[in-house]
Amino acid sequence: YKRQYEKRFELATSLERWNRMLGDPVLMGRLWALYGFKPAYEIREEKGVYHVIDPTGIEGELSEMETSPRHRIYAGKGKMKNWFVPVSLRGRALFILRHTGSSGRVSCVLEIYGEGGDDLVSKVLLKVVSPLLRRYIDRRVTRNLRDLKIIIDDMERNPRYVRSLLDEEYSAAFDRLVGGDAASSE
């Protein structure tokens, strides 16, 4: 695997809450959908594997390989068929997320390591489109972080409001995520 991308960012939440968010991608995906952010990701979990569909042409599976209060490592495999790539590409990647917390803020570093492709054609195409792909990833990560910050700000300021958006089936998971803040403020 070769490092393809790195992004540093900060979020206005506690390290504990950030780890609970990372621990429930299905709930976070549901909130993403309720806020109407784009792309409209679909996230399902089955036996510890998260199946993610990005309607812009990316689909894959993400498995958590290692977790601690300070980092997460995910292995991903999937395919991409997007407007800027003339053929469908398949590949694997490692996503490493390191995070530290202090004074109600979390500092994070996201690193993405990619493995060529499944065949010679994919490997050559990935090498050719690599600079484009990095810019595409950076734009996507930057936009997603902007939107995630809105959800986090709302959870920090008014968890009761965010909880009210959810169907009853997500209420207990949300209460665990915010540490009971939403339920106790009712």
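**Aromatic pairs, sheet and backbone**

Modeller: A search of the whole structure finds three aromatic pairs. The model is a predicted one.

Biologist: Is the pair of Trp 32 and Tyr 41 stacked or tilted?

Modeller: The ring centres of Trp 32 and Tyr 41 are 5.8 Å apart. Their planes stand at 50°. Stacked needs planes under 30 degrees apart and edge-to-face needs over 60. With planes at 50°, the pair of Trp 32 and Tyr 41 is therefore tilted.

Biologist: And how does the pair of Tyr 35 and Phe 37 count, stacked or tilted?

Modeller: Here the centres lie 5.5 Å apart. The planes of Tyr 35 and Phe 37 are at 25°, and the cut-off for stacking is under 30 degrees. So the pair of Tyr 35 and Phe 37 is stacked.

Biologist: Which residues form one aromatic cluster?

Modeller: Trp 32 and Tyr 41 are both buried. Tyr 35 and Phe 37 are buried too. The one cluster is made of Trp 32, Tyr 35, Phe 37 and Tyr 41.

Biologist: What is the phi of the residue that follows H2?

Modeller: Helix H2 spans residues 25–35, and its buried residues include Leu 27, Met 28 and Leu 31. Gly 36 follows H2. The phi of Gly 36 is positive, near 75°.

Biologist: Which strands stand at the edges of the sheet?

Modeller: The sheet is open, with seven strands in antiparallel pairing. The order is E1-E7-E6-E5-E4-E3-E2. A strand at the edge has a single partner strand, so one side of it is left without a neighbour in the sheet. The edge strands are E1 (2–11) and E2 (42–46).

Biologist: Which residue in E3 is the bridge partner of Arg 44?

Modeller: E2 and E3 (residues 49–54) run antiparallel. Five bridges join them. The partner of Arg 44 in E3 is His 51.

Biologist: What angle does the direction of H2 make with that of E2?

Modeller: H2 packs on the sheet. It touches E2 and E3. The angle between H2 and E2 is about 160°.

Biologist: Is Arg 17 buried or exposed?

Modeller: Arg 17 sits in helix H1 (residues 15–22). Its side chain makes a polar contact of 3.0 Å with that of Glu 156. Buried means under 20% relative accessible area. Arg 17 has 7%, so Arg 17 is buried.

Biologist: Where is the peptide bond that is cis?

Modeller: Most peptide bonds are trans. The loop between H2 and E2 contains Pro 39. With omega near -5°, the cis bond runs from Lys 38 to Pro 39.

Biologist: Is Lys 47 buried or exposed?

Modeller: Lys 47 lies in the loop between E2 and E3. Its phi is positive, about 55°, although it is not a glycine. The cut-off for exposed is over 50%. At 78% relative accessibility, Lys 47 is therefore exposed.

Biologist: What is the relative accessible area of Ser 103?

Modeller: Ser 103 is found in the loop between E6 and E7. Its phi is positive as well, near 50°. Ser 103 is exposed, and its relative accessible area is 76%.

Biologist: How many helices and strands does the chain have?

Modeller: Along the sequence the pattern reads β-α-α-β-β-β-β-β-β-α-α-α-α. The count comes to six helices and seven strands.

Methods: Residues numbered from 1 in each chain as written. Predicted model: local features only at pLDDT ≥ 70, side-chain atom pairs only at ≥ 80, totals over all residues. Heavy atoms only, no water. Helix = DSSP H or I, 4+ residues; strand = E, 2+ residues; numbered from the N terminus. Buried < 20%, exposed > 50% of the residue type's maximum accessible area, 1.4 Å probe, protein only. Polar contact = N/O pair within 3.5 Å; in protein donor to acceptor, adjacent residues only side chain to side chain. Phe/Tyr/Trp six-rings, centres within 6.5 Å; stacked < 30°, edge-to-face > 60°. Pairing = 2+ DSSP bridges. Contact = heavy atoms within 4.5 Å. Axes fitted to C-alpha atoms, helices over the stretch in contact; angles between N-to-C directions.
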